[in-house]
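This note sets out several points for a student who is reading a protein model for the first time. Please keep the sequence and the structure in view while working through them.

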Amino acid sequence: MNEHIIRSTGNAIASVTRGNGRVAIVNYHRVLAAPSPFLASEPDIDIFTWQMELLARCFNVLSLREALAAIDSGRVPPRAVCITFDDGYRSVHDLALPVLRRLGLPATVFVSSGYVDGRNMWNDRIVEAVETLPAEELDLAEFGLGVYSLRSVDDRAATLGSLTEASKYLPPQERSRLVGRLQTLVGERASEGLMLTPEMVVNLDRHGIEIGAHTVTHPILTSLDDASAMQEIRDSKRELEAIVGKPVTLFAYPNGKVGKDFDHRHVAMVREAGFQAAFTTAVGAITRHHDRYQLPRSRPWDETPMRFALRLLQWLARG
Ligand SMILES: [Zn+2]
């Protein structure tokens, strides 16, 4: 791969867009110790490492705070990129932090504050069930979800994808009932502890990784009444501030699809709660023309360095 081409293309994009600087924000969740057929969209540590090395060599990695200040002052460097992680997985601390520190890269972690007590998120309980249940199929007709095959690894991976999507939009109580049912089927296991502990959150903050909020329990905000949504937004800020001992001013919407997972009511709530900026999962780079409370970020899923770099350049070119 020719890194010179990446840098010169990035510089050319920056000179065309002069005065209207753009920043591409990459959005991760977990980093895996080893590849998993059940979590194909999450990078393993090898992929994550080359992605970070490429960012360090070919792009200008800024913290979100630096990026927003640069956009305000009209002085965004060329090839500007920010790194973010959602949900608050322990692997951000155990696997990603050493790589980020070695390369001197800033990042932000948006933590769902209700899981720092050692519980796993509902989607990970589904992963565990689909990965480990010995049965040939999973009958969820009573939840209106049909029967899913568990016959092969491929079947299980397909089941995991469709079951996760279907569960995302169940009413929270229905989803809790489903997850409770899966837990009963799986039984007690020792796989708790996928998420950051309060001590790890503090340690990330001490090493220059900014902590942002991501609600308490990671609901789809549009599935809640307004009072509950406001409580999720406010309480996550308060709980994280109590852990890190400083203001938490950045927010990311759970799931993040504009108009589907949150709407104008939640944008107003985030502003009212005292956050200074909020992030979606829309595709593209941020510019000074974006609403500060609906800034796009995307997951970089490309498997080769050239494609990964081209995708970032494409976001920067498109704005
Ligand atoms: Zn999330």
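At what angle do helix α1 and α11 pack, and how far apart are their axes? The points below begin with this pair; please note that the model is predicted.

1. Helix α1, residues 3–16, packs with α11 at an angle of about 5°, and their axes are 10 Å apart. Angles under 35 degrees count as roughly parallel, and α1 and α11 are therefore roughly parallel to each other. On the α1 side, the residues that meet α11 are Ile6, Thr9, Gly10 and Ile13. Their partners in α11 are Ala309, Leu313, Leu316 and Ala317. Sorted by class, this contact of α1 with α11 has 6 nonpolar and 2 polar residues, with no charged residues.

2. Helix α11 (residues 305–318) also packs with helix α2 (residues 45–58), here at an angle of about 55° and with the axes 11 Å apart. That angle makes α2 oblique to α11. The crossing of α2 past α11 is right-handed. Trp50, Gln51, Leu54 and Cys58 of α2 make the contact, together with Pro305, Phe308 and Ala309 of α11. The residues of this contact divide into 6 nonpolar and 1 polar, with no charged ones.

3. The domain assignment divides the protein chain into domain 1, made of 3–118 and 193–318, and domain 2, which covers 122–186. The C-alpha centres of the two domains lie 28 Å apart. Domain 1 gives 7 residues to the contact, and domain 2 gives 12 residues. The side of domain 1 that touches domain 2 has 5 nonpolar and 2 polar residues, and no charged residues.

4. Is Val81 buried or exposed? Val81 belongs to strand β3, residues 80–87. A residue needs 20 or more C-beta neighbours within 10 Å to be buried; Val81 has 23 inside 10 Å, so Val81 counts as buried. Apart from neighbours within four places in sequence, Val81 is in contact with Val23, Ala24, Val26, Leu55, Phe59, Asn60, Val61 and Leu312. Between Val81 and Ala69, 12 residues apart in sequence, the C-alpha to C-alpha distance is 14 Å.

5. If neighbours within four places in sequence are set aside, Val147 is in contact with Glu137, Asp139 and Ala141. The C-alpha atoms of Val147 and Ser298 are separated by 32 Å, and these residues are 151 residues apart along the chain.

6. Arg79 has a positive phi of about 55°, although Arg79 is not a glycine. Arg79 lies in the loop between α3 (64–73) and β3, and counts as buried because 24 C-beta neighbours lie inside 10 Å. His218, likewise not a glycine, has a positive phi of about 60°. The loop that holds His218 runs between β7 (209–213) and α9 (226–244). With 21 C-beta neighbours inside 10 Å, His218 counts as buried.

Technical notes. Residues numbered from 1 in each chain as written. Predicted model: local features only at pLDDT ≥ 70, side-chain atom pairs only at ≥ 80, totals over all residues. Domains from an automatic or database assignment. Contact = placed C-beta atoms within 7 Å. Nonpolar A, V, L, I, M, F, W, Y, C, P; charged D, E, K, R; others polar. Axes fitted to C-alpha atoms, helices over the stretch in contact; angles between N-to-C directions. Helix = DSSP H or I, 4+ residues; strand = E, 2+ residues; numbered from the N terminus. Parallel < 35°, antiparallel > 145°, perpendicular 65-115°, else oblique. Left-handed = near helix turned anticlockwise from the far one by under 90°. Buried ≥ 20, exposed ≤ 12 C-beta atoms within 10 Å, placed from the backbone.
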